[in-house]
Amino acid sequence: TDTGYVYTISLHWVMTQFSPATNNIVPTNFRERSFALAVVVYALIVFSSFVSGLTNAVNELRRINLGRVREESLIQQFMNSKSISQSLSSDIKSFFRNSYEARKSRVREKDIP
């Protein structure tokens, strides 16, 4: 059998294990089936780890932005309840967003033990 052909079939089979592609290459004996099962389990573990890492990163970003989002929501509620104009509302939101990080990073006396 041609080595290039066998390599191409092997590559095709591996790629179909990691993607929703069609696969007309099937295991024909116990060793091949065992190897196929091992590859699928490995792919499941790798994919699960990737999804877990992505989920953790998103949750960390949410946690980091939680304070800013809460304050911005309170400001928005206040402006809505007081019928503040759109123009002034926009200016206030812009000021809040620009100054939030500066206020957050400032060290206050009460923060020092």
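**Pocket and packing**

Modeller: Ile9, Ser10, Trp13, Val14, Ile25, Val26, Pro27, Glu32, Phe35 and Ala36 line the largest pocket. This is a predicted model: local features need pLDDT of at least 70, side-chain atom pairs need 80 or more, and totals for chains, interfaces and linings use all residues. Residues count from 1 along each chain as its sequence is written, and side-chain values use heavy atoms, leaving out hydrogens and water.

Colleague: Which helix gives the largest share of that lining?

Modeller: Helices here are DSSP runs (H or I, at least four residues), numbered from the N terminus. α1 (3-17) and α2 each supply at least two lining residues. The largest share, four residues, comes from α1.

Colleague: Are α2 and α3 roughly parallel or roughly antiparallel to each other?

Modeller: Take the angle between N-to-C directions, from 0 to 180 degrees, with axes fitted to C-alpha atoms over the stretch in contact. Helix α2 (residues 30-81) and helix α3 (residues 86-105) pack at about 150 degrees, axes 11 Å apart. Angles under 35 degrees count as roughly parallel and over 145 as roughly antiparallel. So α2 and α3 are roughly antiparallel.

Colleague: Which residues of α3 meet α2?

Modeller: Contact means heavy atoms within 4.5 Å. From α2, the partners include Ile64, Gly67 and Met79. In α3 they are Ser89, Ile92, Lys93, Phe96, Arg97, Tyr100, Arg103 and Lys104.

Methods. Angles under 35 degrees count as roughly parallel, over 145 as roughly antiparallel, 65 to 115 as roughly perpendicular and the rest as oblique. On a 1 Å grid over the protein atoms alone, a cavity is a set of points where a 1.4 Å probe fits but cannot get out, and a pocket is an open set with protein on both sides within 12 Å along at least five of seven lines; lining residues have an atom within 4 Å of a point.
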